[in-house]
Amino acid sequence: MKHEMKARYPAPSSVVMKMFADRDFHTRKLEATGYTGKYQVLNCSGDASSFSIRIERKVPVSMPGMGKNAPESTVVNDETWNLASKTGRVVVELKGMPLEMSCVTSMKDEGKDCVVTYQWEVKSKIPLVGGTIEKMVVSDMDKKADEETQAAIALLKNYR
């Protein structure tokens with residue numbers, strides 16, 4: 001299933017890219033969105049042309065009727081950015097889940113703002129019910145995207 005998401009930041013793309021290319025931004029954003037003690041940076045590297053970070057975290061599995069008793073799953077995010085072209089890629093590995101997720105990313109200036117676009121591909125490996133699973137995952141991503149964007153916007157002041 002293909003799914004596009006956009007995030008708007010009240011800053012130029014040069015500032016947003018500087019933020020996205022900082023290890024501390026990623027950990028502070030996780031802390032701000034409730035992952036304190038539930039993540040680990042597995043790898044992080046960067047130079048004048050690129051940045052990449054690999055983070056493992058424990059996330060609640062969103063299942064209808066589970067509520068606060070939802071089990072946790074291990075998710076590994078691998079995010080890479082080309083600093084000059086302001087494009088990147090995110091690959092999400094859901095341990096023990098028959099699901100593949102990845103996206104291409106890009107950022108561009110729109111007036112005084114920066115818009116980051118995520119072109120997701122979510123693919124379930126389960127026949128017959130795979131489409132339903134993909135829709136549930138995309139719905140969950142949409143719900144969490146605004147919270148993550150707001151947390152990132154709050155951190156922008158550190159990069160101006």
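Residues are numbered from 1 along each chain as its sequence is written, and side-chain values use heavy atoms, with hydrogens and water left out. Because the model is predicted, local features need pLDDT of at least 70 and side-chain atom pairs count only at pLDDT 80 or more, while totals for chains, interfaces and linings use all residues.

Seven strands form an open sheet in the order β1-β7-β6-β5-β4-β3-β2, with antiparallel pairing; here strands (E, at least two residues) and helices (H or I, at least four) are DSSP runs, numbered from the N terminus, and two strands pair if DSSP finds at least two bridges between them. The strands β1 and β2 (39-46) stand at the edges, each with a single partner strand, so one side of each is left without a neighbour in the sheet. On average, neighbouring strands of this sheet are turned by 15° against each other, direction ignored. Strands of a sheet pair through backbone hydrogen bonds, either parallel or antiparallel.

At the β2 end of this order, β2 and β3 form a hairpin with three residues between them, and seven bridges join these two antiparallel strands. Within this pairing, C44 stands opposite I53 in β3, and V41 stands opposite I55 in β3. On to β4, eleven bridges join β3 to β4, which run antiparallel, and S50 stands opposite N82 in β4.

Q40 is found in strand β2, and leaving aside its neighbours within four places in sequence, Q40 is in contact with R54, I55 and E56, where contact means heavy atoms within 4.5 Å. Q40 and E56 are 16 residues apart in sequence, yet their C-alpha atoms are 5.3 Å apart in space. At 44% relative accessibility, Q40 counts as partly exposed, a class that lies between buried (under 20% relative accessible area) and exposed (over 50%), computed with a 1.4 Å probe and protein chains only.

Just after α2, G34 takes a positive phi of about 90°. Six of the eight residues of α1 are buried, so α1 is largely enclosed by the rest of the structure; the buried ones are S13, V15, V16, M17, M19 and F20. In helix α3 lies T149, which is buried with a relative accessible area of 12% and, leaving aside its neighbours within four places in sequence, is in contact with A7, R8 and Y9.

The largest pocket has a volume of about 1100 Å³. It is lined by 44 residues, of which R57, N77, M101, M141 and E148 lie nearest its centre. On a 1 Å grid over the protein atoms alone, a pocket is an open set of points where a 1.4 Å probe fits, with protein on both sides within 12 Å along at least five of seven lines, and lining residues have an atom within 4 Å of a point; a volume is the space filled by probe spheres set on the points, which are joined across faces, edges and corners. The largest share of the lining, ten residues, comes from α3.

K86, in the loop between β4 and β5, has a positive phi of about 60° although it is not a glycine. L128, in the loop between β7 and α3, likewise has a positive phi, of about 70°, although it is not a glycine, and at 88% relative accessibility L128 counts as exposed.

Definitions and conventions. Axes fitted to C-alpha atoms, helices over the stretch in contact; angles between N-to-C directions.
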